[in-house]
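Subject: Structure handover

Hello,

Here is the structure we spoke about. Please look it over first, then read the notes below.

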Amino acid sequence: QVQLVESGGGLVQAGGSLRLSCAASGRIFSTYVMGWFRQAPKKEREFVAFIRWSEGSTYYADSVKGRFTISRDNAKNTVYLQMNSLKPEDTAVYYCAARSDGGPIFRLRQGSAYDYWGQGTQVTVSS
């Protein structure tokens, strides 16, 4: 019932910034959780951040705390990932995901918790 489309990826030098967008078609209800995951070549998919749609509370992986910020615009049905101080190890395909119900933090760090996924957008950080 929800389609997700990521955009904003690209090539950036180490220390630079990018802002990713995830536009959702269909209505996002207050119970939804929106998350960002990433997958680097030859590595497993890893959790990046999530935001609870209702109150806007956020949670981040330790690897991105202090550098990345997840936010949402309720009126636009869009979630953002502002990425600052980018490092080469941030290079990956970034995926937006949505879960129709909330849950505890431990569950929301798992990709299997999410119901909908976008196609991904490539982020490449050069050194």
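In which sense do β1 and strand β3 pair, and over how many bridges? The pairing of β1 with β3 (residues 18-25) is antiparallel, over five bridges. (Strands are DSSP runs of E, at least two residues, numbered from the N terminus; two strands pair if DSSP finds at least two bridges between them.) Val-5 has Ala-23 in β3 as its bridge partner.

Some background. This is a predicted model: local features need pLDDT of at least 70, side-chain atom pairs count only at pLDDT 80 or more, and totals for chains, interfaces and linings use all residues. Residues are numbered from 1 along each chain as its sequence is written, and side-chain values use heavy atoms, with hydrogens and water left out.

The sheet

β1 and β3 belong to an open sheet of four strands, in the order β1-β3-β8-β7, with antiparallel pairing. β1 (3-7) and β7 (68-73) stand at the edges with a single partner strand each, so one side of each has no neighbour in the sheet. From one strand to the next, the twist averages 15° (angles run from 0 to 180 degrees between N-to-C directions, with axes as lines fitted to C-alpha atoms).

The disulfide

The whole structure holds one disulfide (a pair of cysteine sulfur atoms within 2.5 Å). Cys-22 and Cys-96 form it, with their sulfur atoms 2.1 Å apart. It links distant parts of the chain: Cys-22 lies in β3, Cys-96 in strand β9 (residues 92-99), 74 residues apart. The link is left-handed, with -80° about the S-S bond. Both Cys-22 and Cys-96 are buried (under 20% relative accessible area, 1.4 Å probe, protein chains only).

Best regards

Key: Buried means under 20% relative accessible area, exposed over 50%, partly exposed in between (1.4 Å probe, protein chains only).
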